[in-house]
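The following note sets out numbered remarks for a colleague who will work with these coordinates. Conventions are stated where they are needed.

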Amino acid sequence: MQFGTPEAVMRRAIELARRGAGRVEPNPMVGAVVVDHELRLIAEGWHEQFGGPHAEVHALRQAGAQAHGATLYVTLEPCAHLGKTPPCTEAVLASGVARVVIGSHDPFPQVNGRGIARLRQGGLLVETGLLDHEVRQLNAPFRKLIQSGQPWVHAKWAMTLDGRIASRSGASQWISNAVSRGRVHDLRGRMDAILIGVGTAVADDPLLTARPPGPRTAMRVVVDSQSRLPLDSQLVRTARDGRVLVATTEQARLSRRTALAAAGVEVLVLPSAANATFRGTEAAQPPVDAPGVSAGGWVDLPALLSVLGARRMTNVLVEGGGVLLGSLHDQRLIDEAHVFIAPRLLGGAAAQSPVLGWGVDHPGAGWTLEEPQVEVLDGDVYVHGRMRAP
């Protein structure tokens with residue numbers, strides 16, 4: 001294979017990097033390609049699993065002696081420190097390559113420019129910034145975790161053409177079709193956690209597992225300020241088989257918290273949002289008589305995300321319902337949206353909407369999808385993309 005341009009080589013490296021999705025977190029996805037001076041492919045590799053050899057090592061091992069005098073293209077700055085594997089910079093220097101082209105620097109504090117400096121110190125020609133925007137987009141969840149201490153928040157919902165996630169009676173199964181639901185299971189299979197509100201847990205009694213299993217097994221998290229998750233729910237009954245966490249507050253009765261813990265549920269007591277400052281948002285706290293809000297307030301969602309981030313969780317999927325999604329939206333905590341639109345109408349003033357909360361005063365203040373992607377899944381329309389501030 002011969003590439004036409006340096007950009008084409010880096011795009012191949014990005015394509016390879018994506019193969020690590022769900023398998024390498026909390027590490028970044030990285031791809032590497034070795035080419036000769038005419039951009040002919042010599043070898044390639046990617047970071048395949050957490051704790052395993054990095055992309056550069058895979059590619060250089062494959063290249064062998066052909067790496068001498070060649071160019072290594074890598075999406076992310078090679079590491080220069082000893083972690084679960086030896087420093088990649090030393091493998092690059094030992095390989096005999098003459099030049100390294102790097103897509104973007106690594107924000108991880110122990111790397112962040114040190115890898116580039118080490119390669120240059122070793123006498124290699126190093127170029128940086130090729131397709132920097134695309135590479136940053138590739139590892140946006142990793143970058144957010146490193147820079148903010150919080151995971152990347154994916155918001156998912158299925159709705160009708162008229163924007164309803166349930167009928168006036170509360171029925172929601174099934175709005176989306178089987179193909180769309182299969183795509184949701186694919187999403188679940190690469191997440192570190194799946195979040196729902198207690199209202200959804202009570203109404204739908206979900207299991208929140210990926211079927212079939214994916215590369216990751218997500219922790220199932222219920223935001224439940226009063227710890228009212230039923231002890232006979234599927235989540236509680238399977239808590240010893242797969243992790244379940246109830247994020248609650250001191251408002252919850254101690255007996256309820258104790259019973260959940262005895263059943264194998266991890267009970268995490270967090271501050272009440274009624275007494276917490278919403279960081280990075282202009283949204284006001286909804287009145288206590290708003291739908292789904294207890295008199296003592298909600299679980300502090302930024303605090304919950306910080307706890308998950310401290311556990312090195314990179315991607316979190318929020319499956320609703322409207323109260324939880326509305327609170328996340330009001331606090332500007334949603335990074336990416338996955339919306340499945342079924343070609344049908346429900347109607348009814350009492351039918352449920354996907355995103356509640358306060359909302360915004362005028363359309364121009366609303367967040368939008370950045371470079372939205374649209375797919376048709378057996379009649380359903382799947383729209384997904386990153387959220388962008390106005």
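1. On a 1 Å grid over the protein atoms alone, a cavity is a set of points where a 1.4 Å probe fits but cannot get out, whereas a pocket is an open set with protein on both sides within 12 Å along at least five of seven lines; lining residues have an atom within 4 Å of a point. Grid points are joined across faces, edges and corners, and a volume is the space filled by probe spheres set on the points. The largest cavity has a volume of about 30 Å³. Its lining consists of H329, R332, L333, I334, W367 and M387.

2. The model is predicted: local features need pLDDT of at least 70 and side-chain atom pairs count only at pLDDT 80 or more, while totals for chains, interfaces and linings use all residues. Residues are numbered from 1 along each chain as its sequence is written, and side-chain values use heavy atoms, with hydrogens and water left out.

3. The second largest pocket holds about 840 Å³ of space. Its lining comprises 33 residues, of which R18, Q137, E336, Q373 and R386 lie nearest the centre. Two or more lining residues come from each of α1 (6-17), α5 (132-138), α6 (140-148), α7 (178-188), β12, β13 and β14 (380-388). Helices (H or I, at least four residues) and strands (E, at least two) are DSSP runs, numbered from the N terminus.

4. R386 belongs to strand β14. With residues up to four places away in sequence set aside, R386 touches Q137, L138, A140, W152, D335, E336, T368, L369 and E370, where contact means heavy atoms within 4.5 Å. From R386 to A218 the C-alpha separation is 21 Å, and the two are 168 residues apart in sequence.

5. Nine strands make up an open sheet with mixed pairing, in the order β10-β9-β8-β7-β11-β6-β12-β14-β13. Two strands are taken to pair if DSSP finds at least two bridges between them. At the edges stand β10 (266-269) and β13 (368-377), each of which pairs on one side only. Neighbouring strands of this sheet are turned by 20° against each other on average, direction ignored. Axes are lines fitted to C-alpha atoms, for helices over the stretch in contact, and angles run from 0 to 180 degrees between N-to-C directions.

6. β9 and β10 run parallel and are joined by four bridges; V246 has V267 of β10 as its bridge partner. Across β9 and β10 lies helix α10 (residues 254-262), running at about 145° to β10.

7. A nonpolar core is a set of buried Ala, Val, Leu, Ile, Met, Phe, Trp, Tyr and Cys residues joined through side-chain atoms within 4.5 Å. Buried means under 20% relative accessible area, exposed over 50%, and partly exposed in between (1.4 Å probe, protein chains only). The largest such core has 32 residues, and L195, L304 and V318 touch the most other members. At least two residues of this core come from each of β6 (152-160), β7 (193-197), β8 (219-223), β9 (244-248), α11 (301-310), β11 (315-318), α12 (322-330) and β12 (336-342). The greatest contribution, five residues, is that of α11.

8. Leaving aside neighbours within four places in sequence, L304 is in contact with L195, V221, V223, A247, L268 and L270. A separate core of 25 residues includes A158, A201, L229 and V246.

9. Helix α12 is mostly covered, with eight of its nine residues buried: G322, L324, L325, G326, S327, L328, H329 and D330. The elements covering these buried residues include β6, β7, β8, α11 and β11. After α12 comes R332, which has a positive phi near 60°.

10. A five-stranded open sheet has the order β2-β1-β3-β4-β5 and mixed pairing. Because β2 and β5 (125-128) are its edges and each has a single partner strand, one side of each is left without a neighbour in the sheet.

11. β1 (residues 31-35) and β2 (residues 41-46) pair in the antiparallel sense over five bridges. In this arrangement G31 stands opposite W46 and V35 opposite L41. The hairpin has five residues between the strands, and L39 in this hairpin takes a positive phi near 65°.
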